[in-house]
Amino acid sequence: MKRGLVIGKFMPIHKGHIALINFAATYCDELIVSMSFTPEDKIDPALRFEWLKEIFKDQPNIKPAIIPDDFDDESLPLNERTNIWAVRMREVYPKIDVLFSSEFYGPPFALNLQAEHILFDEPRKFIPVSATLIRNNPFQYWEFIPEVVRPYFVKKICFYGPESTGKSTMAEKMALHYHIVFVPEVAREIISTNDITVDDIIKIGKAQTQRVKEKTGIANKIVFCDTDLITTKIYSKYYLKEVPDILNDLENEIKYDLYFLLDIDVEWVADHLRDFGDRRLEMFNLFKSELEKRGINYIHISGNYNEREEKIKKIIDSILL
């Protein structure tokens with residue numbers, strides 16, 4: 001049996017890594033893909049390893065493996081440094097016949113491993129990307145990010161604020177303008193009056209959270225969200241005089257990258273679920289204070305609807321650059 005080895009942090013795994021691994025797999029009966037990690041890694045190791053397993057789940061000769069990166073010594077010359085690597089590889093893996101890499105460390109590492117070395121696209125001419133470039137500017141390198149990884153980099157943008165400030169309209173308008181998905185206020189699909197129960201508010205919280213996760217999974221760079229769990233908790237406290245503990249848990253499941261706090265300086269429009277027409281300033285201040293006590297940064301959006309739209313577009317355009 002010919003056994004190959006590819007090593008890396010895969011932080012994140014990208015299409016260059018995938019091309020290398022698929023190339024290596026054609027030369028081997030078994031290919032070990034060794035992912036190293038440290039507790040300080042910028043992307044959670046368990047998540048990265050799940051990506052690796054998911055991408056190659058239908059290729060049985062590719063064997064993802066995970067190993068703590070607690071044996072390296074960057075102060076050593078490359079030959080001595082890669083010898084330490086080789087010693088650890090022999091401790092944890094069966095005999096390696098071929099090392100595959102696109103990096104400068106490949107030849108000395110293979111020599112210390114007593115394995116053949118096969119180089120793949122070292123100058124990155126075919127797939128000009130790196131994990132560092134992706135982490136620093138994921139949208140610029142979006143085409144190189146595998147679909148299973150993309151949700152990690154999707155920006156979740158929340159339109160937030162009290163009733164009748166244009167959140168729903170703005171979320172839908174922005175989604176249409178940028179040809180991307182949005183998450184509506186799911187409560188309006190579940191209830192028809194404000195005579196609600198604890199079970200209703202829990203159902204709303206769960207549904208809103210699940211919808212955000214679903215849309216994030218298919219989003220192209222950004223997902224716009226009309227409301228969040230802070231809003232659900234505010235209305236739970238008002239209508240029910242309590243906030244079920246599960247809403248706190250659900251709030252912690254979704255972290256938004258940007259909040260637009262919409263002001264009340266537009267006309268109030270009544271409907272069957274809006275109760276606060278005479279308390280708009282009080283509710284605006286409450287919504288604002290809930291962000292501030294959590295230390296959440298936000299962008300205050302005021303003005304007429306056209307002015308709001310232009311302000312938001314400029315901000316979104318800058319994010320997409």
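Is S164 buried or exposed? At 5% relative accessibility, S164 counts as buried, where buried means under 20% relative accessible area, exposed over 50% and partly exposed in between, with a 1.4 Å probe and protein chains only. The views below show a predicted model, in which local features need pLDDT of at least 70, side-chain atom pairs count only at pLDDT 80 or more, and totals for chains, interfaces and linings use all residues. Residues are numbered from 1 along each chain as its sequence is written, and side-chain values use heavy atoms, with hydrogens and water left out.

**View 1. Two residues with positive phi, S164 and K241.** S164 has a positive phi of about 55 degrees although it is not a glycine, and it lies in the loop between β6 (155-160) and α7 (167-178); here helices (H or I, at least four residues) and strands (E, at least two) are DSSP runs, numbered from the N terminus. K241, also a residue other than glycine, has a phi near 65 degrees and sits in the loop between α10 (229-240) and α11 (245-253). K241 is exposed, with a relative accessible area of 68%.

**View 2. The cis peptide bond between M11 and P12.** The bond that joins M11 and P12 has an omega of about 5 degrees, and P12 belongs to the loop between β1 (3-8) and α1 (15-25).

**View 3. The crossing of helices α3 and α4.** The axes of α3 (residues 78-92) and α4 (residues 106-113), which are lines fitted to C-alpha atoms over the stretch in contact, come within 8 Å and cross at roughly 50 degrees. The contact, meaning heavy atoms within 4.5 Å, is made by residues including W85 and M89 of α3 and P108 and F109 of α4.

**View 4. The aromatic pair of Y160 and F287.** Rings of Phe, Tyr and Trp (its six-membered ring) pair if their centres lie within 6.5 Å, and planes under 30 degrees apart count as stacked, over 60 as edge-to-face and the rest as tilted. By this rule the count comes to 21 aromatic pairs. Y160 and F287 form an edge-to-face pair, 5.2 Å centre to centre with 65 degrees between the planes. Y160 lies in strand β6 and F287 in helix α12 (residues 280-293), so the pair ties together parts that are 127 residues apart in sequence. Y160 is buried, at a relative accessible area of 0%, and F287 is buried, also at 0%.

Key: Axes are lines fitted to C-alpha atoms, for helices over the stretch in contact, and angles run from 0 to 180 degrees between N-to-C directions.
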